[in-house]
Amino acid sequence: METTLLEPSKWEQFQAGWELFRDPILCALIAGCVLGFLSVYVVLRRMVFVSAAVTNTAGLGVALAFFAEIHLGVHVDPLIGAVVLSVAATLLLMVEPARLRLSRESLLGCAFAFAGGAAILVGDRIAQEAHDIQGILFGTAVLVTPDQLQAVAVAGAVLMVLHLWWFRGIAFVSFDRVGATVQGLPVKMLDTVLMVSIGIMVGVCARALGALPVFAFSTLSAIAALVLDLRLPWTFFTATVLGGIAGAGGYLFAYFYDFPVGGSQTVLSGVLVLLMMLVRLVQVPFKRRA
Amino acid sequence: MAHGDHETELDRGHRAAVPVEPGEPLLKCEQLVIGYGGKDILPPMDLVVRRRQFVAVVGRNGSGKSTWFKTLLGLIPPVSGRITLAGPNIRSAYVPQMSAIDSLLPVHARELTSWGRLSGWNFLRPFPSKADRQKVEAALDTAGARGIAKRPFRDLSGGEKQRALLARVIATEADVVLLDEPTAAMDAVAEKQTMLRLCALAHDRGLGVVVVSHDMSVAAEHADVILFVDREHRCFVMGDARTVFCHPAFRRQYGDDYCHSAPQGPHRGNNPA
(Lines give C-alpha, C1' and ligand atoms only; values in the text may rest on other atoms or scores of the structure.)
Protein backbone atom coordinates (compact mmCIF):
# COMPACT_ATOMS: atom_id res chain seq x y z
CA MET A 1 0.00 0.00 0.00
CA GLU A 2 1.35 3.40 -0.94
CA THR A 3 1.30 6.30 1.54
CA THR A 4 1.72 9.95 0.67
CA LEU A 5 3.40 12.30 3.12
CA LEU A 6 1.70 15.68 2.88
CA GLU A 7 3.81 18.72 3.74
CA PRO A 8 2.02 20.76 6.41
CA SER A 9 0.50 24.01 5.15
CA LYS A 10 2.09 27.38 5.92
CA TRP A 11 -0.66 28.05 8.43
CA GLU A 12 0.01 24.73 10.21
CA GLN A 13 3.72 25.50 10.24
CA PHE A 14 2.95 28.93 11.65
CA GLN A 15 0.78 27.46 14.41
CA ALA A 16 3.38 24.86 15.24
CA GLY A 17 6.14 27.45 15.40
CA TRP A 18 4.08 30.13 17.22
CA GLU A 19 6.54 30.16 20.14
CA LEU A 20 9.20 31.16 17.65
CA PHE A 21 7.16 33.83 15.87
CA ARG A 22 5.45 35.34 18.89
CA ASP A 23 8.36 37.57 19.94
CA PRO A 24 9.11 39.16 16.55
CA ILE A 25 5.39 39.76 15.88
CA LEU A 26 4.92 41.31 19.32
CA CYS A 27 8.06 43.39 18.83
CA ALA A 28 6.88 44.65 15.42
CA LEU A 29 3.44 45.41 16.84
CA ILE A 30 4.81 47.48 19.74
CA ALA A 31 7.39 49.24 17.55
CA GLY A 32 4.76 50.00 14.91
CA CYS A 33 2.31 51.40 17.46
CA VAL A 34 4.76 53.61 19.37
CA LEU A 35 6.58 54.85 16.27
CA GLY A 36 3.19 55.39 14.62
CA PHE A 37 2.16 57.65 17.49
CA LEU A 38 5.44 59.59 17.36
CA SER A 39 5.23 59.80 13.57
CA VAL A 40 2.46 62.41 13.83
CA TYR A 41 4.97 64.79 15.43
CA VAL A 42 7.63 63.80 12.89
CA VAL A 43 5.37 64.56 9.91
CA LEU A 44 3.52 67.61 11.25
CA ARG A 45 6.77 69.22 12.41
CA ARG A 46 8.21 68.48 8.97
CA MET A 47 11.03 66.35 10.39
CA VAL A 48 10.64 63.33 8.11
CA PHE A 49 14.31 63.38 7.25
CA VAL A 50 15.25 63.62 10.91
CA SER A 51 13.78 60.16 11.19
CA ALA A 52 15.81 58.99 8.17
CA ALA A 53 19.05 60.45 9.53
CA VAL A 54 18.47 59.06 13.02
CA THR A 55 17.69 55.54 11.78
CA ASN A 56 20.89 55.59 9.72
CA THR A 57 22.81 56.75 12.77
CA ALA A 58 21.36 53.88 14.79
CA GLY A 59 22.80 51.54 12.15
CA LEU A 60 26.19 53.17 12.59
CA GLY A 61 25.87 52.72 16.37
CA VAL A 62 25.37 48.97 15.95
CA ALA A 63 28.30 48.71 13.52
CA LEU A 64 30.57 50.61 15.92
CA ALA A 65 29.53 48.34 18.79
CA PHE A 66 30.56 45.26 16.74
CA PHE A 67 33.77 47.01 15.71
CA ALA A 68 34.65 47.77 19.34
CA GLU A 69 34.02 44.14 20.30
CA ILE A 70 36.05 42.61 17.45
CA HIS A 71 38.96 45.01 17.06
CA LEU A 72 39.25 46.74 20.42
CA GLY A 73 38.13 43.89 22.67
CA VAL A 74 35.63 46.17 24.40
CA HIS A 75 32.18 44.73 24.87
CA VAL A 76 29.50 47.21 23.91
CA ASP A 77 25.95 45.97 23.57
CA PRO A 78 24.85 46.85 19.98
CA LEU A 79 21.53 47.99 21.43
CA ILE A 80 23.36 50.55 23.58
CA GLY A 81 25.39 51.61 20.54
CA ALA A 82 22.20 52.17 18.52
CA VAL A 83 20.39 54.09 21.26
CA VAL A 84 23.36 56.29 22.25
CA LEU A 85 24.13 57.31 18.69
CA SER A 86 20.51 57.87 17.67
CA VAL A 87 19.81 60.01 20.76
CA ALA A 88 23.05 61.95 20.14
CA ALA A 89 22.06 62.50 16.50
CA THR A 90 18.56 63.64 17.52
CA LEU A 91 19.98 66.16 20.00
CA LEU A 92 22.50 67.36 17.41
CA LEU A 93 19.71 67.87 14.90
CA MET A 94 17.86 70.05 17.44
CA VAL A 95 20.62 72.67 17.08
CA GLU A 96 19.31 75.76 15.30
CA PRO A 97 20.99 75.40 11.85
CA ALA A 98 20.81 79.16 11.18
CA ARG A 99 23.62 79.54 13.72
CA LEU A 100 25.85 77.63 11.30
CA ARG A 101 24.43 79.59 8.35
CA LEU A 102 22.86 76.36 7.10
CA SER A 103 19.34 75.19 6.41
CA ARG A 104 17.79 72.31 8.36
CA GLU A 105 17.80 70.19 5.18
CA SER A 106 21.55 70.56 4.66
CA LEU A 107 22.25 69.53 8.26
CA LEU A 108 19.98 66.50 7.84
CA GLY A 109 21.63 65.62 4.53
CA CYS A 110 25.06 65.69 6.22
CA ALA A 111 23.90 63.49 9.11
CA PHE A 112 22.13 61.03 6.78
CA ALA A 113 25.01 60.66 4.31
CA PHE A 114 27.76 60.58 6.93
CA ALA A 115 26.02 58.00 9.13
CA GLY A 116 25.14 55.77 6.16
CA GLY A 117 28.62 55.97 4.65
CA ALA A 118 30.34 55.43 7.99
CA ALA A 119 28.17 52.35 8.71
CA ILE A 120 29.29 50.83 5.40
CA LEU A 121 32.98 51.61 6.12
CA VAL A 122 32.83 50.18 9.63
CA GLY A 123 30.86 47.20 8.29
CA ASP A 124 33.67 46.52 5.82
CA ARG A 125 36.05 45.93 8.75
CA ILE A 126 33.75 43.53 10.56
CA ALA A 127 33.06 41.02 7.81
CA GLN A 128 31.89 38.34 10.27
CA GLU A 129 29.00 40.58 11.36
CA ALA A 130 28.15 41.81 7.86
CA HIS A 131 24.82 39.94 7.95
CA ASP A 132 23.85 41.78 11.14
CA ILE A 133 24.74 45.15 9.58
CA GLN A 134 22.64 44.24 6.55
CA GLY A 135 19.83 43.36 8.93
CA ILE A 136 20.10 46.68 10.73
CA LEU A 137 19.98 48.69 7.55
CA PHE A 138 17.25 46.87 5.66
CA GLY A 139 15.41 44.91 8.33
CA THR A 140 15.61 41.14 8.20
CA ALA A 141 14.12 40.62 11.63
CA VAL A 142 12.83 37.07 11.20
CA LEU A 143 13.79 36.44 14.79
CA VAL A 144 14.04 38.86 17.67
CA THR A 145 15.97 38.03 20.83
CA PRO A 146 14.19 38.26 24.21
CA ASP A 147 16.54 41.15 25.13
CA GLN A 148 15.53 43.10 22.04
CA LEU A 149 11.84 42.48 22.67
CA GLN A 150 12.25 43.54 26.28
CA ALA A 151 14.05 46.75 25.26
CA VAL A 152 11.35 47.65 22.71
CA ALA A 153 8.52 46.81 25.13
CA VAL A 154 9.97 48.72 28.11
CA ALA A 155 10.96 51.78 26.04
CA GLY A 156 7.61 51.71 24.24
CA ALA A 157 5.55 51.44 27.44
CA VAL A 158 7.46 54.18 29.28
CA LEU A 159 7.35 56.56 26.32
CA MET A 160 3.66 55.98 25.60
CA VAL A 161 2.70 56.63 29.24
CA LEU A 162 4.81 59.80 29.26
CA HIS A 163 3.45 61.03 25.94
CA LEU A 164 -0.19 60.38 26.79
CA TRP A 165 0.27 62.06 30.17
CA TRP A 166 2.01 65.13 28.75
CA PHE A 167 0.11 65.11 25.46
CA ARG A 168 -1.41 68.58 25.82
CA GLY A 169 1.91 70.20 26.65
CA ILE A 170 3.96 68.44 23.96
CA ALA A 171 1.31 69.10 21.28
CA PHE A 172 1.07 72.81 22.16
CA VAL A 173 4.86 73.22 22.16
CA SER A 174 5.19 71.27 18.91
CA PHE A 175 2.57 73.18 16.96
CA ASP A 176 2.77 76.70 18.43
CA ARG A 177 6.17 77.08 20.01
CA VAL A 178 5.99 80.86 20.46
CA GLY A 179 2.53 80.75 22.03
CA ALA A 180 3.71 78.05 24.45
CA THR A 181 6.80 80.10 25.34
CA VAL A 182 4.74 83.19 26.10
CA GLN A 183 2.29 81.17 28.22
CA GLY A 184 5.22 79.94 30.32
CA LEU A 185 5.37 76.27 29.35
CA PRO A 186 8.79 74.60 29.74
CA VAL A 187 9.29 74.59 25.98
CA LYS A 188 12.90 73.40 25.83
CA MET A 189 12.23 70.57 28.27
CA LEU A 190 9.13 69.34 26.40
CA ASP A 191 10.91 69.64 23.06
CA THR A 192 13.86 67.66 24.40
CA VAL A 193 11.51 64.98 25.77
CA LEU A 194 9.96 64.60 22.32
CA MET A 195 13.26 64.48 20.45
CA VAL A 196 14.90 62.09 22.94
CA SER A 197 11.79 59.88 22.77
CA ILE A 198 12.17 59.68 18.99
CA GLY A 199 15.90 58.97 19.37
CA ILE A 200 15.41 56.20 21.95
CA MET A 201 12.52 54.51 20.13
CA VAL A 202 14.26 54.66 16.76
CA GLY A 203 17.45 53.29 18.35
CA VAL A 204 15.90 50.27 20.09
CA CYS A 205 13.57 49.48 17.19
CA ALA A 206 16.30 49.81 14.54
CA ARG A 207 18.40 47.26 16.44
CA ALA A 208 15.50 44.82 16.63
CA LEU A 209 13.76 45.35 13.28
CA GLY A 210 16.13 47.30 11.02
CA ALA A 211 16.35 50.90 9.90
CA LEU A 212 14.10 50.69 6.84
CA PRO A 213 10.87 49.55 8.54
CA VAL A 214 11.57 51.88 11.47
CA PHE A 215 11.75 54.80 9.04
CA ALA A 216 8.50 53.62 7.44
CA PHE A 217 6.63 53.32 10.77
CA SER A 218 7.89 56.72 11.91
CA THR A 219 6.68 58.55 8.80
CA LEU A 220 4.13 56.61 6.73
CA SER A 221 1.80 55.84 9.66
CA ALA A 222 1.15 59.55 10.22
CA ILE A 223 0.88 60.27 6.51
CA ALA A 224 -1.82 57.59 6.22
CA ALA A 225 -3.68 58.97 9.25
CA LEU A 226 -3.43 62.60 8.11
CA VAL A 227 -4.98 61.72 4.75
CA LEU A 228 -8.22 60.91 6.60
CA ASP A 229 -8.49 64.53 7.84
CA LEU A 230 -9.45 63.57 11.40
CA ARG A 231 -9.18 65.68 14.55
CA LEU A 232 -5.74 65.81 16.15
CA PRO A 233 -6.31 63.20 18.92
CA TRP A 234 -7.92 60.80 16.42
CA THR A 235 -5.02 61.35 14.03
CA PHE A 236 -2.64 60.19 16.77
CA PHE A 237 -4.86 57.19 17.54
CA THR A 238 -5.19 56.18 13.89
CA ALA A 239 -1.46 56.53 13.23
CA THR A 240 -0.80 54.31 16.27
CA VAL A 241 -3.17 51.61 15.01
CA LEU A 242 -1.86 51.79 11.42
CA GLY A 243 1.73 51.52 12.66
CA GLY A 244 0.80 48.38 14.60
CA ILE A 245 -0.96 46.89 11.57
CA ALA A 246 2.06 47.60 9.35
CA GLY A 247 4.45 46.04 11.90
CA ALA A 248 2.59 42.83 12.71
CA GLY A 249 0.85 42.55 9.32
CA GLY A 250 4.12 43.04 7.45
CA TYR A 251 5.70 40.20 9.40
CA LEU A 252 2.82 37.84 8.63
CA PHE A 253 2.85 38.82 4.96
CA ALA A 254 6.61 38.14 4.79
CA TYR A 255 6.16 34.76 6.43
CA PHE A 256 3.27 33.53 4.32
CA TYR A 257 4.61 34.78 0.97
CA ASP A 258 8.35 34.28 1.64
CA PHE A 259 9.43 37.90 1.42
CA PRO A 260 12.02 39.78 3.50
CA VAL A 261 10.41 41.07 6.71
CA GLY A 262 11.68 44.68 6.66
CA GLY A 263 10.69 45.19 3.04
CA SER A 264 7.23 43.72 3.67
CA GLN A 265 6.61 45.97 6.67
CA THR A 266 7.75 49.01 4.69
CA VAL A 267 5.62 48.16 1.66
CA LEU A 268 2.58 47.47 3.85
CA SER A 269 3.04 50.92 5.45
CA GLY A 270 2.97 52.41 1.95
CA VAL A 271 -0.07 50.31 0.94
CA LEU A 272 -1.89 51.63 4.03
CA VAL A 273 -1.25 55.19 2.81
CA LEU A 274 -2.81 54.30 -0.56
CA LEU A 275 -5.71 52.58 1.18
CA MET A 276 -6.38 55.64 3.33
CA MET A 277 -6.30 57.81 0.20
CA LEU A 278 -9.02 55.59 -1.27
CA VAL A 279 -11.05 55.83 1.93
CA ARG A 280 -10.68 59.61 1.76
CA LEU A 281 -11.86 59.67 -1.86
CA VAL A 282 -14.96 57.72 -0.89
CA GLN A 283 -15.46 59.86 2.22
CA VAL A 284 -15.30 63.31 0.58
CA PRO A 285 -18.70 63.26 -1.23
CA PHE A 286 -20.44 62.10 1.99
CA LYS A 287 -18.75 64.84 4.01
CA ARG A 288 -19.75 67.45 1.44
CA ARG A 289 -23.36 66.28 1.56
CA ALA A 290 -23.29 66.40 5.38
CA MET B 1 -20.77 93.51 9.91
CA ALA B 2 -19.54 91.22 7.15
CA HIS B 3 -22.05 88.98 5.41
CA GLY B 4 -22.43 85.72 7.31
CA ASP B 5 -20.50 87.03 10.29
CA HIS B 6 -22.05 87.00 13.76
CA GLU B 7 -22.15 89.94 16.09
CA THR B 8 -20.08 88.98 19.10
CA GLU B 9 -20.06 90.10 22.70
CA LEU B 10 -16.90 92.04 21.81
CA ASP B 11 -18.68 93.88 18.97
CA ARG B 12 -21.65 94.83 21.16
CA GLY B 13 -19.43 95.91 24.05
CA HIS B 14 -17.22 98.09 21.92
CA ARG B 15 -20.10 99.90 20.23
CA ALA B 16 -21.53 100.79 23.63
CA ALA B 17 -18.23 101.85 25.09
CA VAL B 18 -17.45 105.41 26.10
CA PRO B 19 -13.89 106.75 25.89
CA VAL B 20 -11.80 105.17 28.63
CA GLU B 21 -8.68 106.18 30.46
CA PRO B 22 -5.83 103.68 30.77
CA GLY B 23 -5.50 101.89 34.10
CA GLU B 24 -2.66 100.57 36.18
CA PRO B 25 0.65 99.45 34.60
CA LEU B 26 0.79 95.85 33.39
CA LEU B 27 4.09 95.59 31.58
CA LYS B 28 7.14 97.80 31.90
CA CYS B 29 10.17 98.18 29.66
CA GLU B 30 12.87 100.03 31.59
CA GLN B 31 15.84 101.37 29.66
CA LEU B 32 15.26 98.50 27.26
CA VAL B 33 17.89 98.13 24.56
CA ILE B 34 17.09 95.63 21.83
CA GLY B 35 19.46 94.02 19.34
CA TYR B 36 21.24 90.83 18.36
CA GLY B 37 24.43 89.31 19.74
CA GLY B 38 25.01 92.20 22.14
CA LYS B 39 24.73 94.83 19.37
CA ASP B 40 22.02 97.40 19.97
CA ILE B 41 19.82 98.59 17.11
CA LEU B 42 17.77 101.26 18.92
CA PRO B 43 18.50 103.62 21.83
CA PRO B 44 17.27 102.74 25.37
CA MET B 45 13.49 102.80 25.63
CA ASP B 46 11.07 103.23 28.52
CA LEU B 47 7.55 102.04 27.87
CA VAL B 48 4.63 101.18 30.13
CA VAL B 49 1.71 99.15 28.79
CA ARG B 50 -1.33 99.89 30.93
CA ARG B 51 -4.69 98.27 31.46
CA ARG B 52 -7.29 99.43 28.86
CA GLN B 53 -4.52 100.66 26.58
CA PHE B 54 -4.05 99.78 22.91
CA VAL B 55 -0.45 100.16 21.76
CA ALA B 56 0.51 99.89 18.06
CA VAL B 57 4.11 99.37 17.00
CA VAL B 58 4.82 100.65 13.48
CA GLY B 59 7.80 101.05 11.21
CA ARG B 60 9.14 100.00 7.84
CA ASN B 61 10.51 96.53 7.01
CA GLY B 62 13.75 95.96 8.90
CA SER B 63 13.02 98.87 11.24
CA GLY B 64 13.37 96.75 14.38
CA LYS B 65 9.64 96.08 15.00
CA SER B 66 10.07 92.32 14.96
CA THR B 67 13.20 92.45 17.12
CA TRP B 68 11.35 94.63 19.64
CA PHE B 69 8.37 92.26 19.58
CA LYS B 70 10.51 89.12 19.94
CA THR B 71 12.32 90.71 22.85
CA LEU B 72 9.00 91.49 24.49
CA LEU B 73 7.90 87.87 23.97
CA GLY B 74 11.10 86.63 25.59
CA LEU B 75 12.31 84.91 22.42
CA ILE B 76 15.54 86.93 22.26
CA PRO B 77 17.28 88.48 25.26
CA PRO B 78 17.53 92.26 25.57
CA VAL B 79 20.98 93.79 25.07
CA SER B 80 20.38 95.68 28.32
CA GLY B 81 17.52 96.96 30.43
CA ARG B 82 14.52 95.08 31.78
CA ILE B 83 11.06 93.92 30.80
CA THR B 84 8.86 93.17 33.79
CA LEU B 85 5.25 92.24 34.35
CA ALA B 86 3.88 94.62 36.97
CA GLY B 87 2.73 91.92 39.36
CA PRO B 88 3.04 88.22 40.12
CA ASN B 89 -0.48 87.54 38.85
CA ILE B 90 -0.15 89.51 35.62
CA ARG B 91 -0.11 87.15 32.65
CA SER B 92 0.71 87.74 29.02
CA ALA B 93 -0.49 85.89 25.93
CA TYR B 94 0.48 85.91 22.28
CA VAL B 95 -1.67 85.78 19.16
CA PRO B 96 0.38 84.43 16.25
CA GLN B 97 -0.13 85.39 12.66
CA MET B 98 -2.78 83.20 11.07
CA SER B 99 -0.13 81.73 8.80
CA ALA B 100 1.91 80.63 11.83
CA ILE B 101 -0.54 77.79 12.46
CA ASP B 102 0.60 75.14 9.98
CA SER B 103 -2.00 74.33 7.35
CA LEU B 104 -1.17 70.62 7.75
CA LEU B 105 -2.22 70.67 11.40
CA PRO B 106 -5.65 69.01 11.81
CA VAL B 107 -6.60 71.15 14.80
CA HIS B 108 -10.14 72.41 15.32
CA ALA B 109 -11.00 75.87 16.61
CA ARG B 110 -12.11 74.46 19.97
CA GLU B 111 -8.83 72.54 20.44
CA LEU B 112 -6.87 75.64 19.50
CA THR B 113 -8.86 77.64 22.06
CA SER B 114 -8.25 75.00 24.73
CA TRP B 115 -4.48 75.53 24.35
CA GLY B 116 -5.15 78.95 25.82
CA ARG B 117 -5.82 77.28 29.17
CA LEU B 118 -2.32 75.82 29.29
CA SER B 119 0.28 77.70 31.26
CA GLY B 120 3.38 76.79 33.23
CA TRP B 121 3.23 73.14 34.28
CA ASN B 122 -0.54 72.62 34.25
CA PHE B 123 -0.13 70.34 31.22
CA LEU B 124 0.75 67.68 33.82
CA ARG B 125 -2.99 67.29 34.26
CA PRO B 126 -3.73 65.01 31.27
CA PHE B 127 -7.32 66.22 30.79
CA PRO B 128 -8.66 69.77 31.09
CA SER B 129 -10.67 70.43 34.25
CA LYS B 130 -14.40 71.18 34.12
CA ALA B 131 -13.66 74.84 34.91
CA ASP B 132 -11.18 74.98 32.02
CA ARG B 133 -13.71 73.49 29.63
CA GLN B 134 -16.30 76.04 30.72
CA LYS B 135 -13.82 78.89 30.21
CA VAL B 136 -13.03 77.61 26.72
CA GLU B 137 -16.75 77.56 25.85
CA ALA B 138 -17.21 81.05 27.29
CA ALA B 139 -14.21 82.32 25.28
CA LEU B 140 -15.67 80.82 22.09
CA ASP B 141 -18.95 82.62 22.81
CA THR B 142 -17.27 85.94 23.59
CA ALA B 143 -15.18 85.86 20.40
CA GLY B 144 -18.16 84.75 18.31
CA ALA B 145 -16.39 81.51 17.46
CA ARG B 146 -19.04 79.09 18.74
CA GLY B 147 -20.26 78.32 15.21
CA ILE B 148 -16.79 77.44 13.97
CA ALA B 149 -15.66 75.49 17.06
CA LYS B 150 -15.88 72.10 15.36
CA ARG B 151 -14.32 73.18 12.08
CA PRO B 152 -10.66 72.62 11.20
CA PHE B 153 -8.66 75.83 11.62
CA ARG B 154 -7.12 75.45 8.17
CA ASP B 155 -10.56 75.49 6.51
CA LEU B 156 -11.63 78.79 8.10
CA SER B 157 -11.66 82.16 6.33
CA GLY B 158 -9.25 84.89 7.44
CA GLY B 159 -11.84 86.55 9.67
CA GLU B 160 -12.92 83.22 11.19
CA LYS B 161 -9.32 82.27 11.90
CA GLN B 162 -8.80 85.55 13.68
CA ARG B 163 -11.93 84.92 15.77
CA ALA B 164 -10.61 81.48 16.76
CA LEU B 165 -7.27 83.03 17.75
CA LEU B 166 -9.07 85.74 19.72
CA ALA B 167 -11.07 83.04 21.51
CA ARG B 168 -7.79 81.41 22.48
CA VAL B 169 -6.37 84.62 23.84
CA ILE B 170 -9.58 85.29 25.81
CA ALA B 171 -9.35 81.75 27.23
CA THR B 172 -5.88 82.54 28.60
CA GLU B 173 -7.41 85.23 30.86
CA ALA B 174 -4.20 87.15 30.21
CA ASP B 175 -3.80 90.79 31.19
CA VAL B 176 -1.47 91.73 28.33
CA VAL B 177 -2.05 90.47 24.78
CA LEU B 178 0.69 90.67 22.15
CA LEU B 179 -0.29 90.37 18.49
CA ASP B 180 1.91 90.10 15.43
CA GLU B 181 0.32 91.59 12.28
CA PRO B 182 -3.19 90.44 13.23
CA THR B 183 -4.77 91.82 10.06
CA ALA B 184 -2.18 90.60 7.56
CA ALA B 185 -3.82 89.21 4.37
CA MET B 186 -7.31 90.31 5.45
CA ASP B 187 -9.81 92.26 3.40
CA ALA B 188 -10.77 95.74 4.58
CA VAL B 189 -14.02 94.65 6.29
CA ALA B 190 -12.42 91.78 8.21
CA GLU B 191 -9.50 94.04 9.12
CA LYS B 192 -11.79 96.72 10.53
CA GLN B 193 -13.80 94.16 12.47
CA THR B 194 -10.69 92.54 13.93
CA MET B 195 -9.28 95.87 15.04
CA LEU B 196 -12.60 96.84 16.67
CA ARG B 197 -12.58 93.54 18.57
CA LEU B 198 -9.03 94.19 19.73
CA CYS B 199 -10.09 97.66 20.90
CA ALA B 200 -12.95 96.01 22.78
CA LEU B 201 -10.46 93.63 24.41
CA ALA B 202 -8.48 96.63 25.61
CA HIS B 203 -11.22 99.12 26.49
CA ASP B 204 -14.08 96.88 27.65
CA ARG B 205 -12.32 93.88 29.09
CA GLY B 206 -9.48 95.94 30.55
CA LEU B 207 -6.56 94.25 28.82
CA GLY B 208 -3.34 95.84 27.65
CA VAL B 209 -3.10 95.18 23.90
CA VAL B 210 0.15 95.51 21.92
CA VAL B 211 -0.09 95.13 18.14
CA VAL B 212 2.69 95.14 15.55
CA SER B 213 1.30 96.54 12.31
CA HIS B 214 2.37 97.84 8.93
CA ASP B 215 -0.87 99.70 8.48
CA MET B 216 -0.64 103.35 9.58
CA SER B 217 -4.35 104.04 9.15
CA VAL B 218 -5.18 101.12 11.47
CA ALA B 219 -2.75 102.46 14.05
CA ALA B 220 -4.08 106.02 13.71
CA GLU B 221 -7.71 104.99 14.03
CA HIS B 222 -7.45 102.54 16.92
CA ALA B 223 -4.28 102.93 18.98
CA ASP B 224 -4.04 104.94 22.18
CA VAL B 225 -0.26 104.94 21.90
CA ILE B 226 1.81 104.50 18.77
CA LEU B 227 5.45 103.44 18.93
CA PHE B 228 7.35 104.22 15.72
CA VAL B 229 10.76 102.56 15.42
CA ASP B 230 13.47 103.38 12.90
CA ARG B 231 16.58 101.24 13.03
CA GLU B 232 18.24 103.07 10.12
CA HIS B 233 18.37 106.35 12.04
CA ARG B 234 18.51 104.66 15.46
CA CYS B 235 15.49 106.44 16.87
CA PHE B 236 11.96 105.87 18.06
CA VAL B 237 8.96 108.08 18.70
CA MET B 238 6.09 107.35 21.06
CA GLY B 239 2.80 109.13 21.59
CA ASP B 240 -0.65 109.61 20.04
CA ALA B 241 -1.15 109.56 16.28
CA ARG B 242 -0.53 113.29 15.73
CA THR B 243 2.57 113.34 17.94
CA VAL B 244 4.11 110.42 16.06
CA PHE B 245 2.96 111.17 12.51
CA CYS B 246 4.08 114.81 12.69
CA HIS B 247 7.46 114.02 14.25
CA PRO B 248 10.41 114.79 11.91
CA ALA B 249 11.76 111.25 12.32
CA PHE B 250 8.47 109.77 11.09
CA ARG B 251 8.07 112.32 8.26
CA ARG B 252 11.59 111.52 7.08
CA GLN B 253 10.38 107.97 6.34
CA TYR B 254 6.75 108.43 5.35
CA GLY B 255 6.38 112.06 4.22
CA ASP B 256 3.75 114.57 5.38
CA ASP B 257 0.50 112.86 4.31
CA TYR B 258 -0.08 110.95 7.56
CA CYS B 259 0.60 114.10 9.60
CA HIS B 260 -2.08 116.06 7.74
CA SER B 261 -4.69 113.34 8.18
CA ALA B 262 -3.75 112.32 11.74
CA PRO B 263 -6.58 112.59 14.28
CA GLN B 264 -5.96 114.92 17.18
CA GLY B 265 -6.11 112.94 20.41
CA PRO B 266 -4.96 113.07 23.98
CA HIS B 267 -1.42 111.91 24.54
CA ARG B 268 -1.68 108.86 26.74
CA GLY B 269 1.71 107.26 26.52
CA ASN B 270 5.12 108.24 27.73
CA ASN B 271 7.22 109.90 25.06
CA PRO B 272 10.91 110.20 25.72
CA ALA B 273 11.59 111.40 22.17
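Which residue takes a positive phi in the hairpin of E10(B) and E11(B)? In that hairpin, which has four residues between the strands, the answer is Arg234(B), with a phi near 50°. Before I go further, please keep in mind that what we are looking at is a predicted model, in which local features need pLDDT of at least 70 and side-chain atom pairs count only at pLDDT 80 or more, while totals for chains, interfaces and linings use all residues. Residues are numbered from 1 along each chain as its sequence is written, and chains are lettered from A and ligands numbered from 1 in the order in which they are written.

Strand E10 of chain B covers residues 225-230 and pairs with E11(B) in the antiparallel sense over five bridges; strands here are DSSP runs of E with at least two residues, helices are DSSP runs of H or I with at least four residues, both are numbered from the N terminus, and two strands are said to pair if DSSP finds at least two bridges between them. Across the two strands, Val229(B) stands opposite Phe236(B), and Phe228(B) has Val237(B) as its bridge partner. Strand E11(B), residues 235-239, has four of its five residues buried, so it is largely enclosed by the rest of the structure; by buried I mean that 20 or more other C-beta atoms lie within 10 Å of the residue's own, by exposed that 12 or fewer do, and by partly exposed anything in between, with C-beta atoms placed from the backbone.

These two strands belong to an open sheet of six strands in chain B, in the order E7-E8-E9-E5-E10-E11, with mixed pairing. The edge strands are E7 and E11 of chain B, each of which pairs on one side only, and the twist averages 15° from one strand to the next. Helix H6 of chain B, residues 188-203, lies across E5 (53-58), E8 (176-180) and E9 (208-212), and runs at about 150° to E9(B); axes are lines fitted to C-alpha atoms, for helices over the stretch in contact, and angles run from 0 to 180 degrees between N-to-C directions.

Leu42(B) lies in the loop between strand E3 (39-40) and strand E4 (45-50) of chain B, and with 22 C-beta neighbours inside 10 Å it counts as buried. Leaving aside neighbours within four places in sequence, the residues in contact with Leu42(B) include Val229(B), Arg234(B) and Phe236(B), where a contact means C-beta atoms, placed from the backbone, within 7 Å.

Strand E4(B) pairs in turn with strand E1 of chain B, residues 25-33, in the antiparallel sense over five bridges, and Leu32(B) stands opposite Met45(B) there. Strand E1(B) is also joined by five bridges to strand E6, residues 80-85, again running antiparallel, with Ile83(B) as the bridge partner of Cys29(B).

Turning to the helices, H5(B) has 14 residues, 158-171, and reaches 20 Å from its first C-alpha to its last, close to the 20 Å expected at 1.5 Å a residue, the expected span being 1.5 Å times one less than the number of residues. By contrast, Arg251(B), in helix H9 (residues 248-254) of chain B, is partly exposed, with 14 other C-beta atoms within 10 Å.

Finally, the two chains together. Their contact takes 24 residues from chain B and 24 residues from chain A. On the side of chain B that touches chain A, strand E7, residues 92-95, gives the most, with three residues. That side divides into 16 nonpolar, six polar and two charged residues, where Ala, Val, Leu, Ile, Met, Phe, Trp, Tyr, Cys and Pro count as nonpolar, Asp, Glu, Lys and Arg as charged, and the others, Gly among them, as polar.

Terms used
Two residues are in contact if their C-beta atoms, placed from the backbone, lie within 7 Å.
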